[in-house]
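Let's take a friendly walk through this structure, from the backbone to the ligand site. Please keep the 3D view open as you read.

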Amino acid sequence: MSNEATLPQPALDALEKFPQAFHDDVAYSGEIGAAWAPGRVNLIGEHTDYNDGYVLPIAIDRVTAFAGRRRDDGIVRIWSQQFEEYAQFPLAGLPEKFEQLRAGMPAWARYILGVATELAKADMPLAGFDAVVDGNVPPGGGMSSSAALEVATAQACAHFSGGRFTIGAEHATLRPLEVAKLCQDAEHRASGLQSGILDQAASCLGRPGYAIFLDCRSLDYRHLPFRAPDLSLVVIDTGVRRELAASAYNERRQQCEEATRLLRDLVLKHEPENVEAQHISALRDITPEEFARYGPELPELLRRRAGYVIAEDARVLRTVKLLEVSEFVEIGKLLWQSHAGLRDDYEVSCLELDTLVEIAQQIEGVLGARMLGGGFGGCTINLVRNKAVEALRQAVEQQYPERTGRTATIDICYAAGGPGSAWIS
Ligand code: GLA
C-alpha cells in the first residue's frame with residue numbers, strides 16, 4: 001500500500017488520468033496500482049557495454065510510470081499520455097505471436113509488448129491490465145527513455161500479476177539484473193537496436209546518491225557514492241533526434257567485433273606463446289599496451305574505433321578511483337577526453353552536441369562535458385559547479401540558437417532510486 005505522497009510525479013499524473021482514459025466505472029478485479037522505473041545518465045563509459053567493458057551510470061530522478069488495474073481476461077490495454085494514443089494486445093500466444101502483434105503497434109507500445117514477450121518466454125505467469133503510462137524522461141534524448149519504459153513494464157507486469165511473480169533482491173522470482181537482461185532482449189526485439197546492457201542495468205540498480213560501476217562482462221557491480229554537494233549534473237538536450245541512429249549504432253558494434261578479431265590474430269601472430277590471447281573475445285580483452293603495439297596494423301577506421309573503446313574503458317577505471325576520493329576536477333578532464341574520442345574516433349557525435357560541449361568549455365566552473373548515450377543527437381552531460389550553472393544556462397540560451405538554429409533545454413538531474421511499485425490506498 002502506498003499513500004500518494006510517496007509516488008513519483010509521473011505515477012501521480014498517470015493515476016489521475018486513469019479513470020478518464022479507461023472509463024473506470026466497470027467492475028475490475030483488483031485495486032489500483034502503480035509501477036515505475038527511472039531513466040539514467042552515464043557519467044562515463046560510452047559504447048563500452050557491448051564491448052564487454054565498464055560503465056559508470058547514475059539512475060536519475062526522471063521516471064516512466066504506469067497506473068492502472070489488473071484485468072482477468074489476459075488483455076493488456078495502455079493509454080500513453082505522452083503520445084496520446086491507445087495500444088492493446090493479448091498475452092495469449094506470446095512469445096510466438098510477437099512479430100505478428102508488433103507489426104500493428106505504435107513504436108512506443110512495441111517496448112511494452114517486447115517486455116511482456118520476454119517475460120512470457122521466461123515462463124512468468126502474466127496477467128492482463130489496463131494502465132495509463134506517463135513519464136518525464138525525454139523520449140529519444142539519450143536519458144534512456146526506452147529502458148525506463150521497459151523496466152517499468154516489467155515492474156508493472158510483476159505488480160499486476162498479484163504476487164504470482166516478483167522482482168527484487170534475495171527471494172524474488174527475478175533479480176534486478178535478470179530483469180535488466182530480459183529488458184535488453186526486449187529492446188532488441190522492439191527496436192532492432194543491438195544495444196548493450198547499460199541503460200537497463202542503470203535503471204534496475206539505481207540508488208539515491210550513488211553511481212553504479214558495472215562490469216558488463218561479469219555483471220558484477222558496485223554502488224559508489226556520488227558525493228558532490230557543490231556540483232550539479234546538468235543535462236542539455238540538443239533537441240535533435242536522428243532516425244538512422246539505430247543502423248549507425250549496429251554498424252559500430254560490428255566494427256568493434258571486426259577489430260577484436262583482427263587484434264586477436266595480430267597478438268597471436270606476434271606472440272604465439274601468449275595463451276591468454278586465444279581468449280580475446282571483445283575489445284575489453286585488449287590492454288592499452290597491446291593496442292599501442294598492434295593497433296597501428298589495423299585498417300585506419302577500425303584502429304580509431306577500437307582505440308576509442310580501449311581508452312574509454314581505461315577512463316572508466318580511472319574515474320572510479322577518482323570518485324572514491326571525490327576528485328571531480330580530474331573526472332571533468334576525463335569527460336572532455338571522452339567527448340573528443342566519441343567525436344573524432346568513434347564518430348557518433350553531431351554538430352549540435354559538439355556545439356553544446358564547446359559552449360560549456362568556455363564557462364569557468366564547468367569541470368567537464370560530453371555527449372551522452374548512443375549519440376547522433378540527444379543530450380550532453382555536464383559536471384558543473386553550482387555557482388556556474390546560471391552562466392552555462394545563459395551561454396547556451398544565447399549561443400546555441402545562433403550557431404545551430406535550434407533551441408536547447410537545460411535540466412539538472414539527481415542520482416535517484418531504482419524501480420518501484422505500490423498499491424494505492
Ligand atoms: C545506447 C545503448 C546502450 C549503450 C549506449 C552507449 O544508450 O542502449 O547500451 O551502448 O548507447 O554507451
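E170 counts as exposed, because its relative accessibility is 58%. Keep in mind that this is a predicted model. E170 sits in the loop between helix 4 and helix 5, and its phi is positive, at about 50°, although E170 is not a glycine.

L219 also has a positive phi without being a glycine, here near 65°. Its place is the loop between strand 6 and strand 7. With a relative accessibility of 23%, L219 counts as partly exposed.

One more backbone feature deserves a look: the peptide bond from L94 to P95 is cis, with omega near 5°. P95 belongs to the loop that links strand 4 (85–90) and helix 2 (98–103).

Now to the interior. How many residues of helix 6 (residues 198–205) are buried? Eight of its eight residues are, so to speak, under cover. They are L198, D199, Q200, A201, A202, S203, C204 and L205. The elements that cover them include strand 1 (32–44), strand 2 (54–71), helix 4 (145–160) and helix 5 (176–191), together with strand 6 (210–215) and strand 7 (221–225).

Is T380 buried or exposed? It is buried, because its relative accessible area is 1%. Its side chain makes a polar contact of 3.1 Å with the side chain of N382. Beyond its neighbours within four places in sequence, T380 is in contact with V234, V235, I236, L353, L356, V357, R370, M371 and L372.

Finally, the ligand. It sits in the largest pocket, and the residues around it are R40, E46, H47, D49, Y50, S195, G196, L198, D199, Y249, G373 and G374.

| Residue | Atom on the protein side | Distance to a ligand oxygen atom |
|---|---|---|
| R40 | polar side-chain atom | 3.2 Å |
| D49 | side-chain N or O atom | 2.5 Å |
| G374 | backbone N or O atom | 3.2 Å |

On its own the ligand has 310 Å² of accessible area, and the protein covers 94% of this.

Conventions: Residues are numbered from 1 along each chain as its sequence is written. This is a predicted model: local features need pLDDT of at least 70, side-chain atom pairs count only at pLDDT 80 or more; totals for chains, interfaces and linings use all residues. Side-chain values use heavy atoms; hydrogens and water are left out. Buried means under 20% relative accessible area, exposed over 50%, partly exposed in between (1.4 Å probe, protein chains only). Helices (H or I, at least four residues) and strands (E, at least two) are DSSP runs, numbered from the N terminus. Contact means heavy atoms within 4.5 Å. A polar contact is a pair of N or O atoms within 3.5 Å; within protein, one must be able to donate a hydrogen and the other to accept it, and residues adjacent in sequence count only if both atoms are side-chain atoms. A residue is near a molecule or strand if one of its heavy atoms lies within 4 Å of it. Accessible areas come from the Shrake-Rupley method with a 1.4 Å probe; for residues, only the protein chains shown count as cover. On a 1 Å grid over the protein atoms alone, a cavity is a set of points where a 1.4 Å probe fits but cannot get out, and a pocket is an open set with protein on both sides within 12 Å along at least five of seven lines; lining residues have an atom within 4 Å of a point. A molecule sits in a cavity or pocket if more than half of its atoms lie within 2 Å of its grid points.
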